[in-house]
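Hi,

Here is the structure I said I would pass on. Have a look at it first, and then read my notes below.

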Amino acid sequence: MPRALPYLLLLPATLFLCVFFLYPFLQVAADSALRGGEWTLDNYRRMAGHWKFSTAFWNTLLLAALVVPIQLAMALTMASVVTKIEKGRSTLLYIFAIPLGISDLAAGLIWLAIFEQSGFLNSMLTALGLIERPVLFLSYQNTWVILLAIVLAEVWRATAIMMVIIVAGMGLIPKEYGEAAEVFGASRWQRFTRVTLPMLKPSLQTALILRVILAFEVFAVVVALGGTQFPVLMGETYHWQFTMQDRGVAAAFAMVILAISVAFTLVILRLLHVPKEARI
């Protein structure tokens with residue numbers, strides 16, 4: 001019985017992963033490779049041949065390339081502020097984490113209320129006399145404004161996810177290392193880059209992997225602010241599944257998103273690899 005105990009303890013988690021992760025993955029992989037009851041690559045050909053695929057693919061990568069670095073810089077700054085202050089730390093952390101309680105769609109609607117024709121931005125510009133009549137910011141002629149609105153909404157909504165992970169990582173770094181560096185004349189920036197960042201690699205791994213995966217799955221914010229004017233991979237997956245009623249092509253889109261996520265995860269693990277002997 002003692003030998004079997006570890007396996008019995010792992011059994012519930014294993015069953016959960018098999019039922020809710022492994023089985024759906026195998027089902028989607030099979031759907032993407034089946035067409036008319038036969039194994040084929042037709043679903044992938046239809047996906048790649050659709051005129052929106054390349055646009056959605058590059059839009060998704062562009063969003064991730066813009067959002068994730070901004071969020072990383074902001075999360076590191078916010079985490080440093082939270083870690084340094086002594087009074088009001090819990091209150092500040094709570095304020096920073098408020099957007100975590102807002103759903104993707106709700107965040108998109110909040111920023112839609114800012115950018116739409118009758119929204120806060122137009123009202124403010126009109127009141128200041130900068131424009132004579134409301135401007136339609138979120139139109140097909142202003143794709144860059146739609147991109148900007150989506151980036152702002154995503155940065156506002158999800159930066160706290162990375163911040164919370166980084167705050168936890170900073171809490172594990174012994175203060176003696178920073179104090180020793182200060183004694184030897186290291187500046188604040190040198191202590192941050194030479195001491196804090198190297199020891200934050202495990203936390204940065206987790207934060208970046210989580211955020212990159214979620215960035216490739218962005219959907220509700222894009223729908224709220226851009227509709228069909230700014231296609232992304234997850235939006236096309238939804239379109240093929242529920243509008244076109246083509247489960248095979250939708251599954252192919254899902255597999256592409258998974259492949260991109262896995263590829264970037266491996267890159268992050270490679271770039272932020274922490275040797276065992278260097279771990280705290």
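Let's start with a question: does Arg46 count as buried, partly exposed or exposed? At 36% relative accessibility, Arg46 counts as partly exposed, where buried means under 20% relative accessible area, exposed means over 50%, and partly exposed is in between (1.4 Å probe, protein chains only).

Before going on, some ground rules. This is a predicted model, so local features need pLDDT of at least 70 and side-chain atom pairs count only at pLDDT 80 or more, while totals for chains, interfaces and linings use all residues. Residues are numbered from 1 along each chain as its sequence is written, and side-chain values use heavy atoms, with hydrogens and water left out.

**The whole chain**

You'll find 13 helices and two strands in the chain; these are DSSP runs numbered from the N terminus (helices are H or I, at least four residues; strands are E, at least two). The C-alpha trace spans about 75 × 65 × 30 Å along its principal axes. Of the 280 residues, 37% are buried.

**Salt bridges**

Side chains of opposite charge can pair when their charged atoms come close. A salt bridge here is a side-chain nitrogen of Lys or Arg within 4 Å of a carboxyl oxygen of Asp or Glu, and the count comes to eight.

Back to Arg46: its side chain meets that of Asp246 in a salt bridge, at 2.8 Å from N to O. This pair links distant parts of the chain, with Arg46 in helix α2 (residues 42-49) and Asp246 in the loop between α12 and α13, 200 residues apart. Asp246 counts as buried, because its relative accessibility is 9%.

Asp31 and Arg247 make another salt bridge, with their closest N and O atoms 2.9 Å apart. Here too distant parts are linked: Asp31 is in helix α1 and Arg247 in helix α13, 216 residues apart. Asp31 is buried, at 14% relative accessible area, whereas Arg247 is partly exposed at 47%.

For a local pair, look at Arg157 and Glu154, whose closest N and O atoms are 3.1 Å apart. Both lie in helix α7, three residues apart, about one turn of the helix, and both are buried. They also belong to a network of salt bridges with Asp104 and Arg211.

**Inside**

The largest nonpolar core has 38 residues, and Leu233 and Phe253 are among those with the most contacts inside it. A nonpolar core is a set of buried Ala, Val, Leu, Ile, Met, Phe, Trp, Tyr and Cys residues joined through side-chain atoms within 4.5 Å. Helix α3 gives the most to this core, with 10 residues. Leaving out residues up to four places away in sequence, Leu233 touches several residues, including Phe53, Phe57 and Phe253; contact means heavy atoms within 4.5 Å.

**Outside**

Leu22, Phe25, Leu26, Leu258, Val262, Leu266 and Leu269 form a nonpolar patch on the surface, with about 590 Å² of accessible area together. Patches are made of residues with over 30% relative accessible area and no salt bridge; like charges are joined within 9 Å, nonpolar side chains (Val, Leu, Ile, Met, Phe, Trp, Tyr) within 5 Å. Areas come from the Shrake-Rupley method with a 1.4 Å probe, and for residues only the protein chains shown count as cover. Helix α13 gives the largest share of the patch, four residues.

Cheers
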